[in-house]
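Have a look at it first, then read on.

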Amino acid sequence: MTELRGVGIGLGVAHGPIARMAAPLPAPEDSPSTATPEEETARVRDAIAAVARDLETRGETAGGAAQEVLEAQAMMAEDPALEEEVAARLAAGKTAEFAVFDAFASFRDTLSAMGGYLGERAADLDDVAQRVIAHLRGLPAPGVPDPGHPFVLVAKDLAPADTALLDLDKVLALVTTEGGPTSHTAILAREKSIVAIVGVHGAGDLADGETVIVDAAQGTVVTSPSETDIAQVERRKADRAAAAAAPITPGALSDGTPVPLLVNLGKPDGAAAAVELGAEGVGLFRTEFLFLSSAQAPGVEEQTKAYTELLQAFEGKKVVVRALDAGADKPLAFLNDAHEENPALGLRGLRALRASEDILREQLTALANADAATNADLWVMAPMVSTVEETEYFVAIAKEHGIKTAGVMVEVPSLALLADKVLAVADFASIGTNDLTQYTLAADRLLGSVASFQDPWHPAVLQLVKATGDGGRVHGKPVGICGEAAADPLLAVVLVGLGATTLSMAPTALADVRATLLTHSLDDARRIASAALAASDAASARSAAHEAASLPKEIHS
Ligand code: PEP
Ligand code: MG
């Protein structure tokens, strides 16, 4: 049995035989065209138009986020700048196939070099190029295999066009060797609740037909599983199905201790679905997601409209909005214009906002306007805060703009270590375990090669959560969790045991977490948390917690 690691998307688990995505089309040769540039231009135009229309049709069939992604990809195909690049190569006597291949590849390199969200769009451009070249050669578009039975799909990365129309009766799980948690494969897998792990180095060596267990909750692909392992997978699937079917009640432990279950959102239009799944409010609204493709800072009016729409959907409930978290994996053109060697350690989050204070003031104004126009309980917090002085700065400027409840995200170890002083100033803290883990273990959260370090079960991370929880208790201030860790049901119990007062997660995780919380009392949670804290690495913390919670040992432990 071997275990490969990557970034798990969601909490699902599945097992089955592997079918691999076909290798990409070979690169066209750079030999002179025998047709005229005009003839080649007409062929390219027809091919690009056909591919763009095919992507749009796939989008209409799929609907939802997939439709947006595929429409964006169709626009990419017909981008005038790209057309000019192709035309220049055709004018130089290249074949239609080579001109498309070469022009798209140079665009791809530019996008990749930008890194972050835009860098992850590079794979989408590769897919468009492959489709256009296949069309020019009269070949079917490259795509998902059909071995005639349900399978675990292994691919380098999946094109949105393939992910959007996956036959979910056949595809048991997705494993990609590339791509990070913000790749389109990840976004669409999350939306459709497909069991998926991205960035699994080494998955390319798995053989067709080999049986594997894909455990998204742990981010592991296990080869040659035993019968006992498979029986455990079946049990977990049954438990998840039971949790999904259970009545929706407010989040609480078995002794009645309330643990409000909130959701992480990036757009107001996800609100209705979240409420239906039992969201008791919003624990993290990622405002920067609204403006990832904006060249200019959004105005007060545009922002007021978006925030009002969000707050209206959660009337009477708590909504925690985060000020723009620009930089690193989420660069915003209007806040991050300088090149940095290490953007995760650079002018990111509150640091970038403070350097462009007008933008922060406009956002706070828009939030206060939306608050005045609605009846939700608005809380506002700053991202990537690393000092008590920054906490004082943010709380003061937020209050100056009429924000009633102002807090900070705990994502940098320094802030957790000084939680007592931080929470003397801030109204609340919210722990972002994704970045807290990245900064504690010094491991880039988007880099597959260091994904094994990005594990919030690490006792060093748990100690920082405890330090923050203790700070909250001293001052009677709430400490929420809004990183992905809150979506891992047993880790959620541990986090509550360490002092978290609310948990915020992707809406699809609510049912599992709700069901697991109901099986432990606060005393249990504290005991399980102590067992995890006493471990010396993430794997033993997980095993110790499982043992303390009297759960069967995990497949990989
Ligand atoms: C986090 O860092 O855990 C967090 C919730 O913020 P984001 O994932 O948006 O950086
Ligand atoms: Mg963060």
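1. In what sense do S3 and strand S4 (residues 151-155) pair, and over how many bridges? They pair in the parallel sense, over three bridges. Ile18 has Val152 as its bridge partner in S4. Strands pair here if DSSP finds at least two bridges between them; strands (E, at least two residues) and helices (H or I, at least four) are DSSP runs, numbered from the N terminus.

2. A word on ground rules: this is a predicted model, where local features need pLDDT of at least 70, side-chain atom pairs count only at pLDDT 80 or more, and totals for chains, interfaces and linings use all residues. Residues are numbered from 1 along each chain as its sequence is written, chains are lettered from A and ligands numbered from 1 in the order in which they are written, and side-chain values use heavy atoms, with hydrogens and water left out.

3. Back to S3 (residues 13-20): five bridges also join this strand to strand S7 (residues 211-215), and the two run antiparallel.

4. Now the metal. Glu411 (OE) and Asp435 (OD) coordinate the magnesium ion (ligand 2) at 2.0 Å. Glu411 sits in the loop between strand S13 (405-410) and helix H15 (413-417) and Asp435 in helix H17 (residues 433-441), so the pair ties together parts 24 residues apart in sequence. Donors are N, O and S atoms within 2.8 Å of the metal (3.2 Å for Na, K and Ca); water is not among the atoms, so sites may look incomplete.

5. Glu411 is buried, at 2% relative accessible area, and Asp435 is buried at 2% too. Buried means under 20%, exposed over 50%, partly exposed in between (1.4 Å probe, protein chains only).
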